[in-house]
Amino acid sequence: MRRYAHAPMTSLLKQPALPPLSRRNLRWASGWVLMIYVALHLLNHAMGLVSLEAAETTLRWATALWHSWPGTLLLYGAAFIHLVLAFSALWERRTLRMPVPQMLRIGLGLALPLLLASHLAATRGPYTLAGFEATYAQTLRNLWGTGGWWQMFIMVVAWTHGCMGLHFALRQRSSWRHAQPLLLTAAVVLPLIAALGFLSMGREAAAQPIANSQPPSSVSALLKDAVGTGRIGYAAGLSAFLLALAWRARSERLGGRTITLTYPDRTVRVPLGWSVLEASRKHGIAHLSVCGGRARCSTCRIRVSGPIANSPPPGPDEQRTLARVRAGENVRLACQLRPLGDLQVTPVMTARTASLNRLDSEREVAVLFVDLRRWSGLSEKQWPFDLVYVLDHYFALVGDAVHESGGVANQYIGDSVMALFGLEGNLQNACRGAVHAAKLIDERMRAWSAVFEADFGQPLAFGIGIHAGSAAVADVGHRGVRSFTAVGEVVNTASRLQDQTKLSSATLVISDFAARNAGIPESEMPPVQRISVRGRQAPLDVLVLDSPALARLEVDARSR
């Protein structure tokens with residue numbers, strides 16, 4: 001059979017050397033610059049636990065970086081871009097309904113310019129206007145007993161805002177969840193030791209005779225006026241912005257153009273310009289959105305039908321997220337789609353309102369299904385207690401093979417077992433583990449089959465299906481009966497591939513995508529077959545293997 005030509009998997013997964021310029025990437029990059037600045041500032045304070053001299057040395061290195069022209073442009077450019085993008089994102093919202101943690105993060109960020117004005121004027125202002133650069137000891141002497149703890153409070157606010165932003169952006173990644181206890185400890189300990197270092201330096205500086213030099217009085221007066229004017233201007237601008245948001249919402253509600261969105265169970269009317277996710281939240285429609293509407297997690301995906309002109313094309317951020325999950329042509333992100341006219345929308349991932357907080361994340365996983373053959377015939381001939389013994393031994397055999405290969409056998413349904421790989425680690429390791437588990441299952445099931453045939457009068461037969469891709473991993477169920485599982489196209493397809501083993505008289509049917517991610521050598525791969533899979537619009541390329549071919553595969557799950 002002819003082998004289909006495929007590009008190497010490395011080329012399929014290869015990303016551009018530099019990420020494309022988009023608002024999301026600009027917000028991400030500028031946020032990292034500001035986060036690094038705050039972290040270094042807190043570390044500088046923490047050096048006070050060593051000595052005032054150590055803190056002074058660290059400060060000289062820091063000022064050499066941030067007072068240089070490249071450092072100045074990087075720092076203040078990042079601050080300006082981050083603030084502008086924050087206001088831009090708020091203006092695009094048609095409702096401020098959002099989870100409380102998201103609202104707290106935004107509130108802390110909007111308050112920072114007001115809080116930081118006096119600090120910047122006291123530290124950077126004299127250097128910029130008069131070339132005056134105070135030492136740590138002089139600054140501490142001026143702040144000790146008056147505004148020192150207020151400055152530390154400002155730094156904690158900035159640090160908290162940054163930590164919350166990082167958590168919301170990265171919480172769906174398995175590596176972030178795995179390191180979360182350590183990261184949370186660091187997030188709490190760093191400002192704590194910075195405060196202790198500040199206290200230690202203050203006491204040391206207060207006990208030493210230090211020349212209390214000051215910038216020229218004209219510069220101090222100018223900076224004081226600038227701080228007052230800046231605060232009033234920013235507060236006035238922020239107030240005007242919030243009033244404009246309220247006025248626009250009132251105008252849209254009273255006399256603006258509205259559109260109709262038809263959900264599977266209800267129809268709602270919302271003002272033109274609202275996103276589908278905002279419409280869902282406004283009308284109390286349960287709609288998953290792990291990332292909070294920033295086009296990162298894809299959990300708010302919807303299927304859209306209606307006039308094409310009513311669906312504006314996706315932007316770069318939405319395109320990349322949809323491509324990552326290999327979404328169909330009629331699938332959009334509810335947080336990004338702002339319909340221009342009436343549409344029918346169906347959430348791809350639905351959940352009751354009470355279940356929203358139980359969604360863990362969307363991950364790249366490999367899914368394995370294994371199923372016994374001729375179980376119905378065996379059930380007719382054997383006593384129920386014999387069947388219990390068979391199932392118990394079979395489940396233990398499969399479960400041990402999955403566990404040894406780094407997976408989790410999470411579903412036992414009838415005579416079928418579903419296993420997940422990739423709950424920790426990357427997709428390549430997940431696929432290697434799934435193939436390794438299939439080899440162990442085949443080897444041990446064939447060894448047991450000889451004994452089984454002697455006891456029960458028929459050999460054991462089974463089939464395995466493996467597919468890989470993006471799935472939502474969650475704790476689902478009702479009341480006290482709950483189970484940990486994965487939901488998505490990848491799960492359905494893996495189950496269908498297990499069914500395909502019956503038609504192909506094969507032991508394993510694995511998608512070509514999963515096989516290549518598992519690193520199966522080209523020389524060991526059988527010809528690729530293109531088959532139709534129930535539930536999928538497009539055909540799927542698969543590999544069909546019998547027991548000898550599966551036994552010959554060289555895949556080591558320990559490489560994870």
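**Ground rules.** I am working with a predicted model, where local features need pLDDT of at least 70, side-chain atom pairs count only at pLDDT 80 or more, and totals for chains, interfaces and linings use all residues. Residues are numbered from 1 along each chain as its sequence is written, and side-chain values use heavy atoms, without hydrogens and water.

**Helix α2.** I looked up its length. Helices are DSSP runs of H or I, at least four residues, numbered from the N terminus. α2 covers residues 23–46. The expected span is 1.5 Å times one less than the number of residues. For these 24 residues that gives 34 Å, and the end C-alpha atoms are 34 Å apart, which agrees.

**α2 against α11.** I checked where these two meet. R23, R24 and N25 in α2 touch D317, R320 and T321 in α11; contact means heavy atoms within 4.5 Å.

**Salt bridges.** How many salt bridges does a search of the whole structure find? I count eight. Each needs a side-chain nitrogen of Lys or Arg within 4 Å of a carboxyl oxygen of Asp or Glu.

I took R320 and D317 up again. Their closest N and O atoms are 2.6 Å apart. They sit three residues apart in α11, about one helical turn. Is D317 buried or exposed? Buried means under 20% relative accessible area, exposed over 50%, partly exposed in between (1.4 Å probe, protein chains only). D317 has 14%, so it is buried. R320, at 28%, is partly exposed.

Next I noted R332 with E318, at 2.7 Å. R332 is buried at 8%, and E318 is buried at 2%.

Conventions: Helices (H or I, at least four residues) and strands (E, at least two) are DSSP runs, numbered from the N terminus.
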